[in-house]
Amino acid sequence: MGWKAPKLSKIESAHQAIRPADVGAVLTVYGVNDPTVRTALENLARDAGKKGWWQTYSGVASPAYADHISLEADAEAIHVWAPLLVPGLLQTAAYARETITGATTSRTVEEVTALVEVRMARQAVLSRPDEAPELWAIIHEAALHQRFAVRPATMRDQLRRLREACEMPNVTVQVMPLDSTPHPGLVGGYALTHFPQPMPTVVLLENLSGATYVEGDDAAPFTKAFDRIRAAALPVEDSLARIVQIEEGHRT
């Protein structure tokens, strides 16, 4: 390539972007001849300089959260196992505000409002005109019985939102019943983000200290576990009936 070692080192350590024009030449040097891989990496290089809408919220959205939003924006499919909360892509603004406020120990009212705006903006990916991703969400029934003392209508409206989401052609919702058999999801929740080949699947694991990502071959156990969690949950039609049943209970 005629480069000096420091330039290559900066590119490999992500301290310097590689020019799209150089990607093909580098791949040739590395012996990467698969046209699918070459095209995918060249497209990534072209998109590297683009700014996403979420960067406007860099003051409240952590780098790990911004990474997750950018992954969703390019996803082919998103599979979520949610044992505690309704997934963010299916939340109402009121539900998001209540749960963000309840989970935080240091956020100001303004920061919570900004995070709610981010969560609502993320949902646009489900209706994007150019091949919106498939969302398959499995939600534990216990999460659907959440009560909000100050705003009792919050959960009722959230359940209606879930019911309406089930009508979207690219959204599938299953409910894990309270009396389910043991399954791999007992270990904790996670989200799988799938991409067109040859890009690897990425797994998001969240806790109070932040987010952890798993990808490539290490994501395979999570994919396999999701299939078993899906098998343990109620069938899709029965899940919708359970959501409607719980929604009616919140009206009383």
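The model is a predicted one, and its secondary structure comes to nine helices and six strands. The chain has 252 residues, of which 40% count as buried, and its C-alpha atoms fill a box of roughly 75 × 40 × 35 Å when taken along the principal axes. Among the contacts in the chain with a separation of 6 or more, 71% are accounted for by residues 24 or more positions apart.

**The second largest pocket**

- The second largest pocket has a volume of about 1400 Å³, and among the 39 residues of its lining those closest to the centre are L85, A103, R119, E206 and N207.

**The largest pocket**

- The volume of the largest pocket is about 1600 Å³, and of the 44 residues that line this pocket, N43, L44, D47, A48 and D74 are the closest to its centre.
- The helices α1 (5–12), α2 (20–30), α3 (35–47) and α4 (63–74) each supply at least two residues of the lining of the largest pocket, and α3 gives the most, with nine residues.
- Sorted by class, the lining of the largest pocket holds 27 nonpolar, eight polar and nine charged residues.

**Strand pairing from β4 to β6**

- The strands β4 and β5 pair in the antiparallel sense over three bridges, and one of the residue pairs places L192 with V203 in β5 as its bridge partner.
- The strands β5 and β6 also run antiparallel and are joined by six bridges, with L204 standing opposite Y213 in β6.
- Two residues lie between β5 and β6, and the two strands form a hairpin.

- H79 lies in strand β1, which covers residues 77–82, and H79 counts as buried because its relative accessibility is 12%, where the cut-off for burial is under 20%.
- The side chain of H79 makes a polar contact of 2.6 Å with the side chain of E134, and a polar contact of 3.5 Å joins the side chain of H79 to that of H194.
- When neighbours within four places in sequence are left aside, the residues in contact with H79 are E134, W136, Y190, A191, L192, H194, F226 and R230.

- T92 is placed in the loop between β1 and α5, and its relative accessibility of 15% is why T92 counts as buried.
- Apart from neighbours within four places in sequence, T92 is in contact with M120, D157, Q158 and R161.
- A94 belongs to helix α5, and at 39% relative accessibility A94 counts as partly exposed.
- A94 and V116 are separated by 22 residues in sequence, and their C-alpha atoms are 8.5 Å apart in space.

**Backbone geometry to check**

- Most residues other than glycine have a negative phi, and most peptide bonds are trans.
- Against that background, the peptide bond from Q197 to P198 is cis, with omega near 10 degrees, and P198 lies in the loop between β4 and β5.
- A14, a residue other than glycine, has a positive phi near 65 degrees; A14 is located in the loop between α1 and α2, and with a relative accessibility of 68% A14 counts as exposed.
- E131 is likewise not a glycine and has a positive phi of about 60 degrees; E131 is found in the loop between α6 and β2, the latter covering residues 134–140, and because its relative accessibility is 71%, E131 counts as exposed, the cut-off being over 50%.

Technical notes. Residues are numbered from 1 along each chain as its sequence is written. This is a predicted model: local features need pLDDT of at least 70, side-chain atom pairs count only at pLDDT 80 or more; totals for chains, interfaces and linings use all residues. Side-chain values use heavy atoms; hydrogens and water are left out. Helices (H or I, at least four residues) and strands (E, at least two) are DSSP runs, numbered from the N terminus. Buried means under 20% relative accessible area, exposed over 50%, partly exposed in between (1.4 Å probe, protein chains only). A polar contact is a pair of N or O atoms within 3.5 Å; within protein, one must be able to donate a hydrogen and the other to accept it, and residues adjacent in sequence count only if both atoms are side-chain atoms. Contact means heavy atoms within 4.5 Å. On a 1 Å grid over the protein atoms alone, a cavity is a set of points where a 1.4 Å probe fits but cannot get out, and a pocket is an open set with protein on both sides within 12 Å along at least five of seven lines; lining residues have an atom within 4 Å of a point. Grid points are joined across faces, edges and corners, and a volume is the space filled by probe spheres set on the points. Ala, Val, Leu, Ile, Met, Phe, Trp, Tyr, Cys and Pro count as nonpolar, Asp, Glu, Lys and Arg as charged, and the others, Gly among them, as polar. Two strands pair if DSSP finds at least two bridges between them.
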